[in-house]
Amino acid sequence: MAAALLSGTLVHAFCLFHFLHNHDSIWQQISGYGVGVESGRWLLSLLGDVMEKLGFSYSLPVFNGVGFLILLACAAGLAVSVLRIHGKISAVLLGMLFTAFPSVTSVMFYKFTAVYYGLGLFLAVLAAWVCYRGRWGIVLAAVCVACSMGIYQAYVPLTISLIVLLLLKQALVGEDSALEILFRGLYGCGALLLGVVLYFCALKGCLLLYHTQLNDYQGINQMGQISLSQMPELLVRTYRTFLLLPAEDTWGIANTGILKVVYFLLELLGMGMVAGLAAVKVRKLSNLAIVVCLCAVFPAAVNFITIMCPEGQIHTLMVFGFVWAPAVPVVFAEDFQKAIFRKGSRLLVRAAYVLMGVLIFCYGYGANVHYSAMYYANRQVENYCSSLVTQVRMTEGFDTEKKWAFLGDISDPLLNSPWREAMVYGGHCFTNDLLNQYSRMAWFENYIGYDIPLADSQTVDSLAQREDVKQMPCWPDQGSIQVIGEYVVIKFSETGNS
């Protein structure tokens, strides 16, 4: 926990002491928690409303960021406890990986809701921790799963893959029979299924409480409605993405050459350690069958988000379950070294530690690359908006009573984003994106301090059909801003409305 918190603070220091905004976070100023129950996040709505009543809903970089890292460090500590990792090096590396993983950087772009997401991550790990503790473990685990999903549904794969890793470790180094491990696996499945049922019950109640319904974002309104005919294709996609991630870099997890190599070697070491432990420790054929089954299930558990979100756009924020893919050799390092008393085993373990250290360093470096890129994108948007306001105010016939009509999207050929190629994580936004997305007006209001009176959409459509407007040049050419009647027309492009 200490290693996670200290390294996380160092890695994310730039973001902790700067306002870095994407399309959502600039909109959620000065406070807010995003979209809650309408996106299936029933607990997010409840917590957000309570915090607003208490006066703790402001989007503050230090408080929100550090609060998130504290919860993440606690989750890392619980994960070490679940997996019964006693070696300090393994524990420290796992904690550092938890706070440096790319999904954490993506959460930092949504700092207004980071503390809530941190709680969701903590509950996802807590579910695995309480599952096998006492006779009420299944109920407590189900409640944790339901609450974690109620904050962010994408954290369920973290619970599933952690339980699979725990069972795999018990099958490889424990004294339990195959039947006992199978029973524990069914027990864990029962806790997860009960958690999903509780989640949907709570969601139904909150939809009634808030007098609303699910939206269609990322297919939320069809959540849980996967037909059996879809499953073969989804399973193929799930395993293919997992196996080819180091080569294809689907979500920015392995976006550089060194990361691809390190990620591949760590996965190779993990498979080698599991195979070595199975060869030395597993004597019964039934136990070996359990090990093989758990190894086969592990990729689907880690990448379960692909099954959960078959039609949605998955990005870095949603794939925290992948934190376990490179962590396997660290999880099994101690057991592997104890089981195989050879110099080669010690070298393999040390190689795993070194590779994990390199991976963490690269992730920390990548986080700061993305923070720098977002910083400059924000500055460009501020300057652009300031320049636009100045030109509008200098337009002949302008006065503060006139309403502004934006036509189309900004497509300025002179606008340059030199950091664009560096931004590969989900949650980031390029300068063009920030200028053209739904939260455009929030930049004028929050950074320029200008409350622009906007024409309604019907008026904008009507103005776009006028012949004199069609003859206007597009921004930023001279004449792209004109006063027409009671409106200031800013023509960004030829077609469509912003």
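With which residue does aspartate 409 form a salt bridge, and how far apart are the closest N and O atoms? In this predicted model, in which local features need pLDDT of at least 70 and side-chain atom pairs count only at pLDDT 80 or more, totals for chains, interfaces and linings use all residues. Residues are numbered from 1 along each chain as its sequence is written, and side-chain values use heavy atoms, with hydrogens and water left out.

The partner of aspartate 409 is arginine 440, and the closest N and O atoms of the pair are 3.9 Å apart; a salt bridge is here a side-chain nitrogen of Lys or Arg within 4 Å of a carboxyl oxygen of Asp or Glu. Aspartate 409 lies in the loop between strand 1 (403–407) and helix 19 (431–436), whereas arginine 440 belongs to helix 20 (residues 440–448), so the pair ties together parts that are 31 residues apart in sequence. Helices (H or I, at least four residues) and strands (E, at least two) are DSSP runs, numbered from the N terminus. Aspartate 409 is partly exposed, with a relative accessible area of 35%, while arginine 440 is buried at 6%, where buried means under 20% relative accessible area, exposed over 50%, and partly exposed in between (1.4 Å probe, protein chains only).

The structure holds 9 salt bridges, among them one between the side chains of aspartate 176 and arginine 184, with an N to O distance of 2.9 Å. Aspartate 176 is partly exposed at 23% relative accessible area, and arginine 184 is likewise partly exposed, at 22%. Another salt bridge joins glutamate 494 and lysine 491 (3.1 Å, N to O); glutamate 494 is exposed, with a relative accessible area of 55%, whereas lysine 491 is buried at 2%.

The largest nonpolar core has 134 residues, of which Phe98, Phe320, Phe322, Trp324 and Tyr363 touch the most other members; such a core is a set of buried Ala, Val, Leu, Ile, Met, Phe, Trp, Tyr and Cys residues joined through side-chain atoms within 4.5 Å. Beyond its neighbours within four places in sequence, tyrosine 363 is in contact with residues including Leu97, Phe101, Ile253 and Tyr425, contact meaning heavy atoms within 4.5 Å. A second, separate core of 26 residues includes Ile26, Leu388, Phe406 and Phe444.

Helix 9 (residues 137–151) has 15 residues and reaches 21 Å from its first C-alpha to its last, close to the 21 Å expected at 1.5 Å a residue, the expected span being 1.5 Å times one less than the number of residues. Because 11 of its 15 residues are buried, helix 9 is largely enclosed by the rest of the structure. Its buried residues, among them Ala141, Cys144 and Met149, pack against helix 4 (42–54), helix 8 (114–131), helix 10 (156–173) and helix 11 (178–209).

A nonpolar surface patch of about 590 Å² is made by Trp136, Val139, Leu140, Val143, Leu194, Val197 and Leu198. Patches are made of residues with over 30% relative accessible area and no salt bridge, like charges being joined within 9 Å and nonpolar side chains (Val, Leu, Ile, Met, Phe, Trp, Tyr) within 5 Å; accessible areas come from the Shrake-Rupley method with a 1.4 Å probe, and for residues only the protein chains shown count as cover. Helix 9 and helix 11 each supply at least two residues of this patch. Leucine 198, in helix 11, is partly exposed at 32% relative accessibility.
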